[in-house]
Amino acid sequence: MKAAALLLLLATLPAPGQPLVPALCHGCHNAQNAQGGLDLAALPVRFADRAIRDRWIRLHDRVAQGEMPPPGVPFSAAQRSAMLAPLRHQLHEADAAEVRRHGRGPLRRLNRDEYEQNLRDLLQLPHLDIRDMLPEDREGHRFNKAADTLDMSRVQLLAYLDAAEAALRQAVASGPQPPPVTKFRAVGTALFPEKVTFGEREAMFFARHNQALDPKQRDAVKDDPTLEMALFRSAHWPYYGYPKQFTAKLPGPYRVRFSARAVRQLPGYTLVPAAQPVPMTFRARKPSGPDVSGDVRATGGIMDIEPVAREFATIIHLREHETFEYSPLGLPVPLARNVDGGPPTYRYPPFPPDGQPGIAVQWLEVEGPLPPPAWPPPSHRVLFDDLGIAPAPAQPAAAARRLLHRFAALAAQEPVDPAALARFVDLVLARLRQGAKFEEAMLAGYKAFLCSPHFLYLREPAPAGDHYPIATRLSHFLTNSRPDAPLTRLARHYGLPPLSGSALRPVKLPPGSPLGGLLTQAAILKVTANGTTTSPVLRGAWIMERLLGEPPPPPPAKVPAVEPDIRGAKTIRELLALHTRDASCANCHARFDPVGLALENFDILGAWRTRYRGIHEGDAVIGIDRAGHDFAYTLSSPVHPGGKLRNGQSFRDIRDLKAILAAQPRQLARNLLHQFTIYATGTPVRFSERPAIEAILDAHAASGFRTRDLLLSLVQSPLFLGPNQLQVQQKP
């Protein structure tokens with residue numbers, strides 16, 4: 001006799017389906033042979049228990065997707081339907097009942113990106129930078145917006161309190177008048193802090209009339225306006241290339257004006273006009289020499305330096321005591337070496353045949369911090385309305401109540417009950433009774449409010465017409481904030497005709513190109529490689545999970561991962577064949593290995609290849625890369641990107657595979673809706689909500705599942721608007 005759990009399940013099945021479960025399932029999933037860790041006899045049929053229900057959902061899905069019974073076992077569509085229908089019904093009813101009782105998911109805390117953006121918008125401080133004061137958020141379902149992983153601990157709460165205080169301090173006006181504006185101008189040798197930089201004169205020199213100046217002459221002509229600072233390396237360690245003797249005395253925005261042109265360096269340290277623009281930006285940092293200086297960040301945007309000298313202007317944002325360094329993009333970074341145990345030297349890589357591109361700067365001016373349009377600034381008015389600088393109202397208690405109610409109306413995710421707000425008012429009044437200044441007492445109340453659930457959490461919509469959580473959910477879905485917006489070093493990488501400038505633009509692909517779409521995007525191909533070798537397993541699993549919504553199950557315990565052999569002795573296909581000799585491994589790998597093999601024509605950075613790189617066997621290739629590093633490798637075995645999917649469809653290469661995947665628009669659209677749902681609501685699509693997803697897909701099948709249509713339907717659906725509006729019933 002079978003276990004009680006199995007008998008309970010069989011009792012719900014129609015008569016034709018009753019003998020299927022014992023014959024096909026119990027033989028592999030019992031106490032003695034619990035393959036995949038599943039013993040059906042020990043699995044209770046208590047669908048009200050979330051953990052147990054989730055296991056039954058996984059069982060349901062594997063059978064529904066044809067993964068079970070294993071290939072080769074006779075099992076008709078009618079038999080599969082008869083087995084799944086009653087299970088699907090019970091799972092749906094149990095899950096829907098839980099949603100009606102408790103909602104789709106728990107309260108969701110703002111992640112650190114959202115918290116920073118909310119403070120930026122609330123306090124009208126668009127460049128507020130407090131994100132890194134907060135602990136990194138854990139991810140769930142591949143997003144940092146999942147409610148079940150955005151927990152709160154004492155350490156996190158203390159960090160939020162510190163971040164809120166830092167933001168409020170920046171919002172308060174610094175004095176009765178705006179900070180004084182200072183001006184700085186650099187010409188000649190003041191454009192760079194040293195006579196040379198790492199990489200020697202190949203990396204930077206001063207020039208007059210297109211010829212490098214002897215470094216010994218530098219001090220004699222340091223203020224000569226006819227000098228240019230010529231720079232041929234990108235900003236990276238080791239580097240410190242900023243204007244000499246400039247630091248920001250106060251934080252804020254600074255206007256930078258400079259004159260520059262794009263040049264090429266020829267042998268003999270000679271300058272000629274560049275063949276195309278050189279993109280550059282500035283990097284804010286502390287002036288700490290070549291050492292790592294902590295926070296180094298791009299500021300001022302990307303500017304295309306043209307071959308003819310002209311004036312540029314941009315706004316950069318600096319903290320107190322920061323400076324800024326020149327950062328041309330896409331230029332070499334010299335290699336640091338210790339030759340024979342001696343002092344470090346920095347080898348500049350070989351020049352391109354037509355010369356090394358770079359920039360030449362004639363002069364530079366800095367002005368700031370730039371004052372806001374009005375004083376006190378808008379951020380101060382958010383906190384103190386019209387009470388002015390260092391407010392000291394005649395009736396502080398009444399003013400405190402008014403300001404705190406006003407601030408709560410601006411800050412809260414929805415209206416706050418006066419009784420709940422009274423706690424924050426009491427905090428401010430207590431500080432006033434203790435002798436605190438009015439400004440300090442108000443900041444204490446504001447800080448407490450910004451770390452309370454009224455600001456820090458997003459509530460699940462509950463009753464019909466519950467508009468506030470719906471509005472905040474929509475705004476955080478689209479903008480990461482409260483309710484109320486470089487294409488460079490890539491044409492060459494993809495092997496396309498060269499582009500001029502850093503502007504983003506569409507590029508027409510040649511006929512028959514394997515490029516196009518997400519599958520062959522270099523950024524995706526890079527994150528699915530390990531930095532040294534490619535792996536069809538990782539790439540295939542990524543595509544099946546992220547694009548098709550079919551994540552692979554976790555590997556069985558004690559099964560080693562596939563490690564590609566970089567010696568060129570074996571092909572990746574041979575390694576996978578050895579790895580998947582076991583039937584349980586083969587069944588799983590058949591889901592994603594073929595998809596990953598189709599991408600083997602792309603290396604770790606997404607560049608096209610027809611042969612693998614090796615170390616010993618094959619044709620030797622040697623040289624020095626753009627960072628000055630020696631390289632040596634071989635071109636070994638050819639790439640064979642063809643294969644056969646689990647459903648029997650064959651493909652020759654990535655072009656064929658893209659066509660096969662594109663022929664499944666409903667599957668792609670279904671996964672997109674699942675991803676949008678977790679990102680927008682913090683809770684993945686539940687079992688009882690699957691019919692709602694299918695209803696959206698049905699509505700837009702005729703129009704080709706346009707993303708705009710899917711988004712509009714999702715945000716108007718019960719999944720987005722709230723559980724009490726969940727009225728979509730399971731389709732028969």
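Helix 3 (residues 50–64) packs against helix 4 (residues 77–102) at about 150°, and their axes are 10 Å apart. This is a predicted model: local features need pLDDT of at least 70, side-chain atom pairs count only at pLDDT 80 or more, and totals for chains, interfaces and linings use all residues. Residues are numbered from 1 along each chain as its sequence is written, and side-chain values use heavy atoms, with hydrogens and water left out.

Terms, quickly. Helices (H or I, at least four residues) and strands (E, at least two) are DSSP runs, numbered from the N terminus. Axes are lines fitted to C-alpha atoms, for helices over the stretch in contact, with angles from 0 to 180 degrees between N-to-C directions.

Back to the pair. Helix 3 passes helix 4 in a left-handed crossing (near helix turned anticlockwise from the far one by less than a right angle; clockwise is right-handed). On the helix 3 side, the contact (heavy atoms within 4.5 Å) uses R50, R53, W56, I57, L59, H60, V63 and A64. Helix 4 answers with R80, M83, L84, L87, R88, L91, A94, D95 and E98. By class, that contact has 10 nonpolar, 1 polar and 6 charged residues. Here Ala, Val, Leu, Ile, Met, Phe, Trp, Tyr, Cys and Pro count as nonpolar, Asp, Glu, Lys and Arg as charged, and the others, Gly among them, as polar.

Next pair. Helix 8 (residues 396–411) and helix 10 (residues 438–450) pack at about 30°, axes 11 Å apart. Helix 8 and helix 10 are therefore roughly parallel (under 35 degrees; over 145 is roughly antiparallel, 65 to 115 roughly perpendicular, the rest oblique). Their crossing is right-handed. The contact divides into 13 nonpolar, 1 polar and no charged residues.

Third pair. Helix 20 and helix 22 (residues 707–715) cross at roughly 45°, and their axes come within 11 Å. Helix 20 and helix 22 are therefore oblique. The crossing is right-handed. A669, L672, L673, F676 and T677 of helix 20 meet T707, L710, L711 and L714 of helix 22. That makes 7 nonpolar, 2 polar and no charged residues.

A cavity is a set of points on a 1 Å grid, over the protein atoms alone, where a 1.4 Å probe fits but cannot get out; lining residues have an atom within 4 Å of a point. Points are joined across faces, edges and corners, and a volume is the space filled by probe spheres set on them.

The largest cavity has a volume of about 80 Å³. Its lining is P106, R108, L458, R459, E460, P469, T472, R473, A680 and T681. Helix 12 (467–479) and helix 20 (665–681) each give two or more residues. Which gives the most? Helix 12, with 3 residues. The lining splits into 4 nonpolar, 2 polar and 4 charged.

The second largest cavity holds about 60 Å³. Of its 10 lining residues, K195, F205, F206, L213 and P215 lie nearest the centre. By class: 6 nonpolar, no polar and 4 charged.

Last, backbone geometry. W237 and P238 are joined by a cis peptide bond, omega about -5°. P238 is in the loop between strand 5 (228–231) and strand 6 (252–266). Another cis peptide bond joins W375 and P376, omega about 0°. P376 lies in the loop between strand 14 (356–368) and helix 7 (378–384). Y269 is not a glycine, yet has a positive phi of about 60°. Y269 is in the loop between strand 6 and strand 7 (270–273).

Conventions: On a 1 Å grid over the protein atoms alone, a cavity is a set of points where a 1.4 Å probe fits but cannot get out, and a pocket is an open set with protein on both sides within 12 Å along at least five of seven lines; lining residues have an atom within 4 Å of a point.
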